[in-house]
Protein chains: 2
Amino acid sequence: MTYDLWYWPTIPGRGEFVRLALEAAGVAYRDRAREDGADALIADMEARAGIRPFAPPYLADGDFAIAQVAHILAWLADRHDFGAGELDRDLELIMLQLTVTDIVAEVHAVHHPIAGSLYYDDQKDEARQAAAHFRDERIPKFCAYFEDALGANEGAFVLGKKWSHVDTSLFQLVEGLRYMFPQRMKSVESNYPKLIACRDAVAGLEGVAAYSTSDRRIAFNADGIFRHYPELDGA
Amino acid sequence: MTYDLWYWPTIPGRGEFVRLALEAAGVAYRDRAREDGADALIADMEARAGIRPFAPPYLADGDFAIAQVAHILAWLADRHDFGAGELDRDLELIMLQLTVTDIVAEVHAVHHPIAGSLYYDDQKDEARQAAAHFRDERIPKFCAYFEDALGANEGAFVLGKKWSHVDTSLFQLVEGLRYMFPQRMKSVESNYPKLIACRDAVAGLEGVAAYSTSDRRIAFNADGIFRHYPELDGA
């Protein structure tokens, strides 16, 4: 089966966490809105009734559609063996993945503190204040948390030697934070050696390395979740 | 087994979504920080190492601890039969529950748009702007989404006749929105008859009815996720 992934076609955004795991695992998928355009995504969303995705990304197979990044990844991990394969450990992975979801939501709120429907320029002053708190309080808190999790097992990944969906998400988190807050990340990264080693190990996975140099990997840009506005950064 | 629930003892907050499902199902639990105080919660959090909860609420049994509301509920639902008991339907329930998680995070961000670490009074002007957008854009979007989901099956609950963890969470969501935005909810509730019927049906569940009049149910207050600040409401 080839999965249909539906997500906005011009940003890495939340969809990238799903793409990365699929690419790392070598699972076939079609990135539907990149093939058919954002209008096709909107039409697909609108054609679904009842219990349906609230927002992209989602994976679909006819009437079946599963949304919410952490949920998609937990489901895929079971089917394609990039979880732990043992209940208690898989529960831990999902807990960590949901915490990635939390920081990703906070990252978006940094540049859109008042409303997602307003332009950045209309909430720039508030974003500057939010960014200062995020840099000082939230980056250290989340990074230290993931650093500790990576200390639980011997090896570069959360599970030790075997990569899981949490590792590909931590890779994208580090990449995103580096893009959005280059000065701050430069200052603090050395506090989180395991997190950086995990990022490097994921970059070295065959599937991820091939993906990273392909045109399937969308560069970070000023429309996504992680956005580089120099005024929001600081050492 | 009696579960240990750890959550802040003086607010309904995120812990209430877990409490409600436990109470509806008649599952035994100890609300540990209400017995032993917030310091005991902090001490328990700090004593955990490696892969551990990022924040309360969590359920614990010795070294085992599971955090993240949607994750706790999906896990409990499997063990105590308040899910669907069928994979595709359970995946839908988890997707809906994670969307409740999303709106709950947005609700908190309404009164804390700049930073969770600042007082409300220090971000009151920004909160007023955020609240206007939340009332106009987000309440209708989320409520319409859950209304559609409730139309998928015949009966008051998402699954039809059988209540699930999504229903108890929708109950708490409606209760919280009514407390935080009484004027707005009064204006818009008639647009979401299935959501209100679901709320009423949950209120009528034996376990929930008994819980609601007990001293275990903590009233909404100005320290929780749902807070009533009159200046944030509007018809």
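How many bridges join strand S3 of chain A to strand S4 of chain A? Read on to the first legend for the answer. This is a predicted model, where local features need pLDDT of at least 70, side-chain atom pairs count only at pLDDT 80 or more, and totals for chains, interfaces and linings use all residues. Residues are numbered from 1 along each chain as its sequence is written, while chains are lettered from A and ligands numbered from 1 in the order in which they are written.

View 1. Strands S3 (residues 58-61) and S4 (residues 64-67) run antiparallel and are joined by 4 bridges. Strands are DSSP runs of E, at least two residues, numbered from the N terminus, and two of them pair if DSSP finds at least two bridges between them. Look for A:Tyr58, which stands opposite A:Ala67. With 2 residues between the strands, the hairpin has A:Gly62 at a positive phi near 65 degrees.

**View 2. Around B:Glu147.** This residue sits in helix H6 (residues 124-150) of chain B; helices are DSSP runs of H or I, at least four residues. B:Glu147 touches B:Tyr192, B:Lys194 and B:Leu195, leaving aside residues up to four places away in sequence; contact means C-beta atoms, placed from the backbone, within 7 Å. B:Ile196 is 49 residues from B:Glu147 in sequence, yet their C-alpha atoms are 9.0 Å apart.

**View 3. Two copies and their axis.**

Note on methods:
Contact = placed C-beta atoms within 7 Å.
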